[in-house]
2 protein chains.
Amino acid sequence: MQNFQFANPTQIIFGKGQIEQLTAKIPVGSKVFILYGGGSAQKTGLLGTVKDTLKGYQVGEFGGIEPNPTYETLMKAVEIIRKENYDFLLAVGGGSVIDGTKFIAAAVPYLQGDPWEIVRDWLDVKSALPFGVVLTLPATGSEMNDGAVITRKEIQAKLPFMSKAVFPRFSILDPIYTYTLPTKQISNGVVDSFIHVMEQYLTYPAEGKVQDRFSEGLLLTLIEEGPKALQEKENYDVRANLMWVASLALNGLIGSGVPQDWATHMIGHEITVLYGLDHAQTLAIVLPSLLEVMKEEKQAKLLQYGERVWNLPKDMSVEEKATAAIERTRNFFETMGVKTRLADYGLGQDVIEPIIANLEAHGMVELGEKGLVTPAIVRSILSKSL
Amino acid sequence: MQNFQFANPTQIIFGKGQIEQLTAKIPVGSKVFILYGGGSAQKTGLLGTVKDTLKGYQVGEFGGIEPNPTYETLMKAVEIIRKENYDFLLAVGGGSVIDGTKFIAAAVPYLQGDPWEIVRDWLDVKSALPFGVVLTLPATGSEMNDGAVITRKEIQAKLPFMSKAVFPRFSILDPIYTYTLPTKQISNGVVDSFIHVMEQYLTYPAEGKVQDRFSEGLLLTLIEEGPKALQEKENYDVRANLMWVASLALNGLIGSGVPQDWATHMIGHEITVLYGLDHAQTLAIVLPSLLEVMKEEKQAKLLQYGERVWNLPKDMSVEEKATAAIERTRNFFETMGVKTRLADYGLGQDVIEPIIANLEAHGMVELGEKGLVTPAIVRSILSKSL
């Protein structure tokens, strides 16, 4: 096992009706600024409930944080907060709203330069406004970690940043809020969670036995509950399990002490920024082909994954088993309604070089757990994804 | 899934040589009071290393915290700390030293009465001295939770208390510190961890799918690595896995959102306080018999446990499978070198009523996940444990 440090101070408040805990968690006298997305929080009535609950606080709000939240939009919120001195943020939404709120929380007190530097230079900012989360969409795990991905449209960049200062103080996870989600968002969320686990699991053996078992447990739960979530929109326990899986898939725990990959994510980010595909769609396109291309390097873990997660017969040959494990993965994404080929999204051969050029522009030329995913390898991966 | 709140702010610093992080984690200028146990920390040189590392801090120390730490001993440390104004505690040891340090941390600022009230009345104390941990013995999980068990000799009481104020600020977990442990402590630690998981897992189905998978992952790892740890004293990865399992077995995660039992622990505490057996020995005596007596109530989870953890054939009858699962459990404890019968420790029929009387005196008359473990049931359990 590798050496590691792990800490996750976010308080999870999980279950039916937990919104009533909200005021107990925000310091009395705070000036609260609510952030939300494209309007679904309004439409479902959740935003109204939140505002009613916050009677007694001074409250402001900012809507319109888009999927793949942009620097351009977020800086508008930063200006308002600075001018009106809000001192507690509340994200009401999914990963994009939470990621955006993290950037805003770090940007408000960052007066020494352009807050984009936080992302561009991977600054480990030491101070940020405190914030809480009311989660509506289980997928990214942002509600229980200190990372965010921010897009800057004018330079076609979608880049991550991390800082302990941007752990949410609390996150309220009520599975009932997911009942009204469009099917596509459930599909995307399951695939996103699945691939978060795979990035931390499907590398090479490192004697992280608990980490492996936990990862496998998350994958098995997604495989069991994911398809049910598409059929049964109001099955509380199914939604509850998916919601908790999504948080645990990317809260730092399963990745502690083991190698991590993340090449799929980095390639996927470029596809989104260039061609506008959903985050989960890009991951579903890249991962199966990446596993195919890296089959030798990842062989030991592919076999373990095939046996423990897909229950493949022990007597299959190594080659058969690795191939079957990858096939099952691709089929699972397709079963969840997320297509796994570039062609499914109207993209062809001609997108490959621009994606690689973007990766190179962002310095991402040695990706993966061993830095073996070079531009040439990305070319093979994308060719297999056509 | 049940509603829950989960937060665990302890920072884990895991791996070889991590003691060098110590000074980065204790605020500059702190007056540090080191607490340790019966002398093994001195003998192995760890105490010396810690003190060398803390050059530059004002340091005091207090040794002799016993297994099942007593109020009587701990109050001596409280007096010194109050008199000499130490403001940061450092526990160097295993569960007993850490539990003792938690009590001390809460007792020092508790000036409104006798600090025993914290334990007696389950007070959720709001303030405590900050403290860190250097762990030497993986077993109780105390290094990553906010609970402690304190014994008061004069009234034959061994009672738990919990408070968010006594989460360790950090815990340094270096598997190499476990190389010098006596075999008995490794055996006890593995059994203790195993039963911590079982108390949160082997109840009734509650649609906590991830919690179940995580619990099963911890149990499988203990079964795989436990026996190796007895043979290979300096196998780093084996020790690393056991150390991380022990922390995860009782850090609040696997018990969130699911029913919990803890009857085995409550009965076990009385056996320790009356007859001086090691904590893990008492658990190994009680659990298999408890599962036997509660077989009907726990049937669904016993079958799941048998299949997923012990890999019992699907075609066994329900009765056979439940019985086999319990038998495997008992055999595992025996394989680990922890005997599972009262007679193995020279105890007979005559201990049963005193144990029950003690439970009744402590108000523990409806134990277990459904409150079904009454004194009459405890009598059956202990009769089966003879």
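**Close-up views: rings, charges and a helix**

**View 1. Two lysines meet two tyrosine rings in chain B.** In this predicted model, Lys16(B) lies over the face of Tyr236(B), at 4.3 Å from the ring centre. Look next at Lys370(B): its charged end sits over the ring of Tyr204(B), 4.7 Å from the centre of that ring.

**View 2. Phe103(A) and Phe161(A) form an edge-to-face pair.** Over all chains, the count of aromatic pairs comes to 27. In this one, the ring centres of Phe103(A) and Phe161(A) are 6.4 Å apart and the planes stand at 80°, which is over the 60 degrees needed, so the pair is edge-to-face. Phe103(A) belongs to helix α5 of chain A and Phe161(A) to strand β7 of chain A, so the pair ties together parts that are 58 residues apart in sequence. Both Phe103(A) and Phe161(A) are buried.

**View 3. Phe88(B) and Phe170(B) form a stacked pair.** Here the rings are 6.2 Å centre to centre, with 15° between the planes. Phe88(B) is in strand β4 of chain B and Phe170(B) in strand β8 of chain B, so this pair links distant parts of the chain, 82 residues apart. Phe88(B) has a relative accessible area of 3% and is buried; Phe170(B), at 2%, counts as buried too.

**View 4. Four aromatic residues of chain A make a cluster.** Ring pairs join Tyr71(A), Phe103(A), Trp116(A) and Phe161(A).

Note on methods
Residues numbered from 1 in each chain as written. Chains lettered and ligands numbered in written order. Predicted model: local features only at pLDDT ≥ 70, side-chain atom pairs only at ≥ 80, totals over all residues. Heavy atoms only, no water. Phe/Tyr/Trp six-rings, centres within 6.5 Å; stacked < 30°, edge-to-face > 60°. Helix = DSSP H or I, 4+ residues; strand = E, 2+ residues; numbered from the N terminus. Buried < 20%, exposed > 50% of the residue type's maximum accessible area, 1.4 Å probe, protein only. Lys NZ or Arg CZ within 6 Å of the ring centre and 35° of its normal.
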